Each structure stands twice: as structure tokens, then as C-alpha cells.
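This briefing summarises selected features of the structure shown below, grouped by topic.

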Amino acid sequence: MKIGITCYPTYGGSGVVATELGLALASMGHQVHFISYAIPHRLNRFFENIFFHEVEVSSYPLFEHSLYGLSLTSKMLEVIEYENLDLMHVHYAIPHAVSAYLARQVLRKSKKNLKFITTLHGTDITLVGLEPSFMPLVKFSIEESDGVTAVSRFLKEKTLTNYNIEKDIEVIYNFIDIDKFKPRNSDTFRKHVAPGGEKVLVHTSNFRPVKRITDTIRILEKVKQEIPTKLVLVGDGPDRSESERLARELDLQKDVLFLGKQDGLTEILSASDIFLMPSQSESFGLSALEAMACGIPVVSSSVGGLPELVIHNETGYIAEIGDVDRMAKYVIELLTNEKKYKSFSKNARERAVKHFDKNLIVPKYVEYYEKILNS
Ligand code: GMT
């Protein structure tokens, strides 16, 4: 198959999933054309069967704001025609699904056929898409997609009810390379982070308000009263300054390590004891899955798709949003009960391998592509 993929190429989870999917499809012999404004950061070297087409946004004094959606449609049309694509697969509804819809309509005028699939990831439905001005367009682009997938059952249900849509939405969970994300020895990093043998809590994200980063610091404050512990925060974004301020205010500046954006995640995760995800909203929680695959139990909020990933009292614990007391209690329970910790760690890795292995999930996308192309 020749597949076009459009995604946000930055650090967000949807871009990671789209890129890993493209790489997996290419390794199966499919030809994959990424169409976006920048090269997805995981495509950092040559890969057979992978092509990248950069969307250039034209500037003209009259255009005070970027016309990205239209530039994207134009690039899609060019690539679909010249590369003879069978299918477009867009990740994140806004504006990608609208651009793909427009490209399909333009092609229909000249009696050419294009099918496009939209994968919903989370904030495109639960946050941005709900803005009153966007809502009708998001609903329309979902209804008009030839196929729609969602990364959790929660997100599927939310889409159908929030937008009052009657459509078959296929749930295809996010996936992980279990050979890359696996428990490994990372003594050097651990010695650096916790030189006194302290326990290590970890969180990775894009530091947006939905992630509730400051909750991780408040959890640390409580856990530290019982067990010497450090907190490693990986990533960057709008809430970083506020989090650094809180760490100083609580006199925890020596115990909270802000590492910024990092590529060597597996080493950091493997050197940690518990992954924290106290999010306000989370349709799946890819970074929690990465931790689980490394054998790290997760303590998270109970929102969105998290209960489909984190099995309470088995691979980690879940608690109400903002209930830092309970989350801290769960962390302490795990850190003080070695037998329980070991079994949770084993269960976390096993769950990642059994349900979210790339080799199980990617074929589901291929099957879905075939179904849509033949429909
Ligand atoms: O908010 C983020 O973490 C980024 C966002 C994205 O679209 O890049 O993530 C969403 O998609 C991820 C991949 O499917 C999911 O694992 C995240 O749960 C989801 N984020 C939210 O729902 C807040």
C-alpha cells in the first residue's frame, strides 16, 4: 500500500504514535509518505520506504495569519497525485481531517478517488474540538471521514456523545516497541539522580495544564515525609515555571530534577521506581505505557482512558483527580512493600507486552486500512 500520514511532528503523543506506525508500516514493505510542517523527530535518519513532504506555509503581507490548513490540503493533493497514494491517514482531527476532506472533494471533481482515515487522540475531542467555534467543523470532519479510529474506548464514547455522532468508530489502542522499552540496568543515571539511595518518582509530559504537574510535586512532598525520595520531571511546556516556583516554595528544589526534553527515555524510566500521571484529562496515556513496558508501576488519576491501561491494584493505582493524599498513600504503600512492588512491576511489563505490543496493534491498522479501502 501507499499511505500518506499527517500528524503534528512535535513531542506530543499523537505525533509519536503516527511516526511509530509509519515506521512499522514501512518495515512491512508499505510505502509511507509523511506530510507535515516539519519532519517528525523520530524520523531522524534514513529509513527505507519512508518519504517526507514538508508543508510550506506561504507568506504574503495580506495573510496576517498562517494558512496552514490550506497549505496542507494543497500539499496532500500534490503528493496523492504524484505518488499515487491509496489512502490518507490523519492523526488529530484539527485541522488535519478538514484538510483531508477538502483534498478528497477536490479530487472528486476530477473523478479521482481518495479515502481518508482519521485517528482521534484526545484533546482534539475533549478540549480543542469542544470550543464552540470548532465544534461543528470537528463533528463534520469526523462524520465525513471514510474511517475513524480512537485510541481508547473512553475516547470513542466521548466522541459519539459529545458530538452527537452515529458512526462506527474503531478502537485501536496505542502501542509500544517492547524491545526498546524494557527493563534495563541504568545504575549510572540512578546514582546521579539519587546519590543517597533515595527512591525515584518520574513523570514525563509536555507540561500543559491538563497534566497537573504541580500535583506530582505535592505528592513528593507527602511521600518525602516518610521515605527519602526524588522526583524526576522530563519535558517542557507552559507549566514548567509554575512547577519550578512551587518546588522552591516547598523547599524541594534539591529533590525535584527538571530535565527538560530528553530522548533517552528508557534509561530514565528504568532508573525510576514509580511513574506519576495525575492528569486532568487523558484519553490513553502513552507515556504511562512506556513506563509500564519498562516494568515501572503507575500511580495515576482515574480519568479518561487511564483505567483501560492501568489496572488498579495490579499494575499500579488510580485515584480521583487532584486527590494527592491518596496518590501519595499509594506511592508509600508500593515503596514500602517490596513483595507488592515486585509483583506490580512484573504485572505492568506483562500487561504492556500482552496487550500493547507494536506487533499486535500495527496489523490491526493494516486490517482497518484494507476494510476501508474495500468498503
Ligand atoms: O496531550 C498530550 O499528551 C498530547 C496529545 C497529543 O495528541 O499529542 O496526547 C493525546 O494523544 C496521546 C496519543 O494517543 C495519548 O496517549 C494522550 O493520552 C492524549 N492526551 C490527552 O488526552 C490529554
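Helix α3 comprises 14 residues, 96–109, and at 1.5 Å a residue it should span 20 Å; its end C-alpha atoms lie 20 Å apart, which agrees with that expectation. The model is predicted.

**Helix α3 and its surroundings**
- The buried residues of α3 are His96, Ala97, Ser99, Ala100, Tyr101, Ala103, Arg104 and Leu107.
- These buried residues are covered by elements including β1 (2–6), α2 (68–83), β4 (87–91), β5 (115–120) and α5 (135–144).
- After α3 comes Lys111, which has a positive phi, near 60°.

**The seven-stranded sheet**
- An open sheet is formed by seven strands in the order β3-β2-β1-β4-β5-β6-β7, with parallel pairing.
- Its edge strands, β3 (50–54) and β7 (169–171), each pair on one side only.
- From one strand to the next, the twist averages 25°.
- Four bridges connect β1 with β2 (residues 31–36) in the parallel sense, and Ile3 has Val32 of β2 as its bridge partner.

**Helices on the sheet**
- Helix α1 (residues 13–27) lies across β1, β2, β3 and β4 and runs at about 155° to β2.
- Helix α6 (residues 153–162) packs on the sheet, where it touches β5, β6 (147–150) and β7; its direction makes about 165° with that of β7.

**Strands β9 and β10**
- Strand β9 (residues 229–234) runs parallel to β10 and is joined to it by four bridges.
- Val234 stands opposite Gly260 in β10.
- The chain passes from β9 through helix α9 (residues 240–249) to β10 in a right-handed β-α-β crossover.
- Strand β10 (residues 256–260) is mostly covered, with four of its five residues buried.

Technical notes
Residues are numbered from 1 along each chain as its sequence is written. This is a predicted model: local features need pLDDT of at least 70, side-chain atom pairs count only at pLDDT 80 or more; totals for chains, interfaces and linings use all residues. Side-chain values use heavy atoms; hydrogens and water are left out. Helices (H or I, at least four residues) and strands (E, at least two) are DSSP runs, numbered from the N terminus. The expected span of a helix is 1.5 Å times one less than its number of residues. Buried means under 20% relative accessible area, exposed over 50%, partly exposed in between (1.4 Å probe, protein chains only). Contact means heavy atoms within 4.5 Å. Two strands pair if DSSP finds at least two bridges between them. A crossover is right-handed if, with the strands pointing away from the viewer, the path from the first strand over the helix to the second runs clockwise. Axes are lines fitted to C-alpha atoms, for helices over the stretch in contact, and angles run from 0 to 180 degrees between N-to-C directions.
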